[in-house]
Amino acid sequence: MVNKKEIARRYDSSAEIYDNRYNFIQDKKYREIFSRVDIRESKAILDVGCGTGTFLNIISETETNGTKFVGIDLSLEMIKIAHEKYPTIDFIVADSDALPIRDLTFSQVFSITHLQNLPKPEQTLHEMIRISTKDTLIVISILRKTWSRDKLSELIMQTNLQINEHWTADVEDIGVLCKKK
Ligand SMILES: C[S@@+](CC[C@H](N)C(=O)[O-])C[C@H]1O[C@@H](n2cnc3c(N)ncnc32)[C@H](O)[C@@H]1O
């Protein structure tokens with residue numbers, strides 16, 4: 001298992017080219033999410049492992065009622081780029097296994113192509129659950145080449161989340177929409 005310092009280093013070194021290389025494929029995943037999720041009534045939205053902030057920027061353009069948007073990522077270089085591109089959104093360098101966020105803060109939480117990097121994904125999920133309010137929608141997508149739908153379901157069943165919907169789109173990731181039980 002690759003350690004977190006090494007993961008941060010890898011993403012730091014690819015941060016400059018990330019958008020050019022991956023935005024096209026990431027955009028297909030975002031479309032799958034947009035077709036299932038309505039963010040308009042959400043008070044506070046967190047993107048865990050937000051990379052260069054593209055997803056948050058797109059959703060922040062939705063007409064909302066003062067929604068707060070926050071992105072966190074382990075890679076300082078990813079976060080620097082996100083800050084430069086989208087100065088009105090809050091971006092924080094942090095480990096998703098130890099979120100610097102109070103309990104019950106966010107009403108929607110996204111983790112897009114991020115969880116496959118985590119050595120203990122169950123711990124990451126517990127953190128995402130901790131900072132979520134009672135009715136929070138938690139949206140997770142994860143790389144299909146390393147994770148199967150059954151493996152993801154088993155992981156989620158170990159938590160107090162229930163899966164409301166699965167998707168397996170013709171893209172790299174499998175995804176789930178979850179809520180607290
Ligand atoms: C494949 S990128 C996806 C980025 C973004 N979600 C997107 O849609 O383009 C994975 C991201 O997860 C971040 N990441 C990896 N491990 C992390 C951790 N422990 N805590 C927070 N972010 C992490 C990486 O730095 C990287 O930016």
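1. Residues are numbered from 1 along each chain as its sequence is written, and side-chain values use heavy atoms, with hydrogens and water left out. Because the model is predicted, local features need pLDDT of at least 70 and side-chain atom pairs count only at pLDDT 80 or more, whereas totals for chains, interfaces and linings use all residues.

2. The ligand is surrounded by 20 residues, of which Tyr-18, Tyr-30, Gly-49, Asp-73 and Ile-112 are the closest (a residue is near if one of its heavy atoms lies within 4 Å). Sorted by class, this shell holds ten nonpolar, eight polar and two charged residues, with Tyr counted as nonpolar and Gly as polar. Helix H1 (residues 4-34) supplies the largest share of the shell, five residues.

3. Among the polar contacts (pairs of N or O atoms within 3.5 Å), a ligand oxygen lies 2.7 Å from an N or O atom in the side chain of Tyr-30. Ligand nitrogen atoms are placed 2.7 Å from a polar backbone atom of Gly-49 and 2.8 Å from a backbone N or O atom of Ile-112. The protein covers 97% of the 590 Å² of accessible area that the ligand has on its own (Shrake-Rupley method, 1.4 Å probe).

4. There are four aromatic pairs, taking ring centres within 6.5 Å, with planes under 30 degrees apart as stacked, over 60 as edge-to-face and the rest as tilted. The rings of Tyr-30 and Phe-55 have centres 5.1 Å apart and planes at 55 degrees, so this pair is tilted. Tyr-30 in helix H1 and Phe-55 in helix H2 (residues 54-60) are 25 residues apart, and their pair links distant parts of the chain (helices are DSSP runs, H or I, of at least four residues).

Key: Polar contact = N/O pair within 3.5 Å; in protein donor to acceptor, adjacent residues only side chain to side chain. Helix = DSSP H or I, 4+ residues; strand = E, 2+ residues; numbered from the N terminus. Phe/Tyr/Trp six-rings, centres within 6.5 Å; stacked < 30°, edge-to-face > 60°.
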